[in-house]
Amino acid sequence: MELLLEQIRNKNAREMVSREISSHIEDQEEVYRSQGFSDYDAERRAVLDMGDPVETGVSLDAVHRPKMSWSMVILAATISALGVLMIGIICKNSSDFTTVSLLKKQIIFLIIGFGIMLFICKIDYSRIFQHSGVLAVLSLGLLFLRNIGFFHSIYNTATFPYLLSIPIFCGLLYKFRKRSWYHLLIPVGFMLATIVLMHYHWQFVSYKLFLVLISAVLVTVAVCKEWYPIRKKIFLPILWGCVIGIPAVTLLIPYKFPALFPPYVAARISNWVYPFSVENTSQSMVYAVMTRSRLLGHSSTLIMDLNSLISDYMIVNVTSRYGILPTCILAGLFLAFCIRLFYLALHQKNQLGMILGLGCSLGLTVEVLKYFLMNLGLIPMTTGFLPLFSYGGSVTIISYVFVGILLSIYRNQNLIDETRPKRFRIRLKLEQE
């Protein structure tokens, strides 16, 4: 066994292989004992059946070696490079001298995010999310402190609690699986508390709606995989009835009774009902740009607000400058990116990697879909970002964090053993003088 384990380079795999081979030897011993062999002969034959330890160790080292999804790294780097290039073109055509600093900032954000992605990829994600309960308390604590004005310059946007709550929620779903049905209330309670504490600014209501939607999908997956003893035929219709019905009623009441709410609330809901009305100038302008664009070449209509171009209207800008065909190529690139995200998530043997990867994939894919729909004028402009492409500090870094988590899941898919019991052990070492 020692000779076999010397051939395996990864420590986590070494421990897992040791348990696996020992189990095979013990099973084979029982077979030989049942055939009438003595304990010594049974053990000896069982060990010999395992083959040459060096050859077996080399074969197992190839199986349990860390893997790297270079296609995902190349996709992320390509999208980031195109985003920087597009921001640089926009800034170059602007007469504002401050635009150079925006480009430099975005490059710094990308370098930091790419480094964080590679760092997360190298670590064992399971060790982090085994402590999802502690992460949930810290997340809610930071949200509460921010709401009472403790933080002023950091944690000041909704992006951090919106995105970071998704992997924490996945960790809680996994942590309390195979227990009573009411343990499902713990991850659900965490997500509801996060949404309630995100009460600031009406413009972030889309984040709340998508958190509800993503959480419902993840809970549905957990229930369908029988993580919780719940009757699926009763629970799932109730769940999705609430997920669809409650937000619909919440949006309908301010629209039908506008006197009960501030004027801007009813105005925003009216934009959803009548997206191309005259009052909805931003969406009408986006619609005009997209409909007047050529297949290739510069459009006659262009939005000239620099901050909007590099954050909210990147797709509109690409279409108006270069035509519909380059936009379709960019959309295909993001489609390949999202498909690869779900491939890394759903082709996992361990359940933690699957649910965590699915949550990260849903978070990024929802933002991609929302951003393209906003830039096509199909839904009103709201808070959003295009992962790795549009301008932004926190959104760029957190997007890289999500990609890093998925890369770590893929890299460690053959190195994490869920069958090993997690026990709290105290080791005492006695020495004789």
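Predicted model: local features only at pLDDT ≥ 70, side-chain atom pairs only at ≥ 80, totals over all residues.
A residue is called buried when its relative accessible area is under 20% and exposed when that area is over 50%.

Helix H8 covers residues 132-147. At 1.5 Å a residue, its 16 residues should span 22 Å, and the C-alpha atoms at its ends are 22 Å apart, which agrees. Within H8, the buried residues are Ser 132, Ala 136, Ser 139, Leu 143 and Arg 146. Because they cover an arc of only 100° around the axis, they lie on the same side of H8. Val 134, Val 137 and Leu 138 are exposed, and they are carried by the face of H8 that is turned away from its buried side.

The next topic is the packing of helices in pairs. Two packed helices are described by the angle between their axes and by the distance between those axes. Helix H5 (residues 70-92) packs with helix H17 (residues 324-346) at an angle of about 145°, and their axes are 10 Å apart. The crossing of H5 with H17 is left-handed. Among the residues that make this contact are Leu 75 and Ile 79 of H5, together with Phe 334 and Arg 340 of H17. By class, the contact of H5 with H17 comprises 11 nonpolar residues, two polar and one charged.

A second pair is formed by helix H11 (residues 205-224) and helix H18 (residues 351-375), whose axes come within 10 Å and cross at roughly 145°. Here H11 passes H18 in a right-handed crossing. The residues that meet include Phe 210 and Val 217 in H11, and Leu 358, Gly 359 and Glu 367 in H18. The contact of H11 with H18 contains 11 nonpolar, three polar and two charged residues.

Conventions: Residues numbered from 1 in each chain as written. Heavy atoms only, no water. Helix = DSSP H or I, 4+ residues; strand = E, 2+ residues; numbered from the N terminus. Expected span 1.5 Å × (residues − 1). Buried < 20%, exposed > 50% of the residue type's maximum accessible area, 1.4 Å probe, protein only. Arc of directions from axis to C-beta. Axes fitted to C-alpha atoms, helices over the stretch in contact; angles between N-to-C directions. Left-handed = near helix turned anticlockwise from the far one by under 90°. Contact = heavy atoms within 4.5 Å. Nonpolar A, V, L, I, M, F, W, Y, C, P; charged D, E, K, R; others polar.
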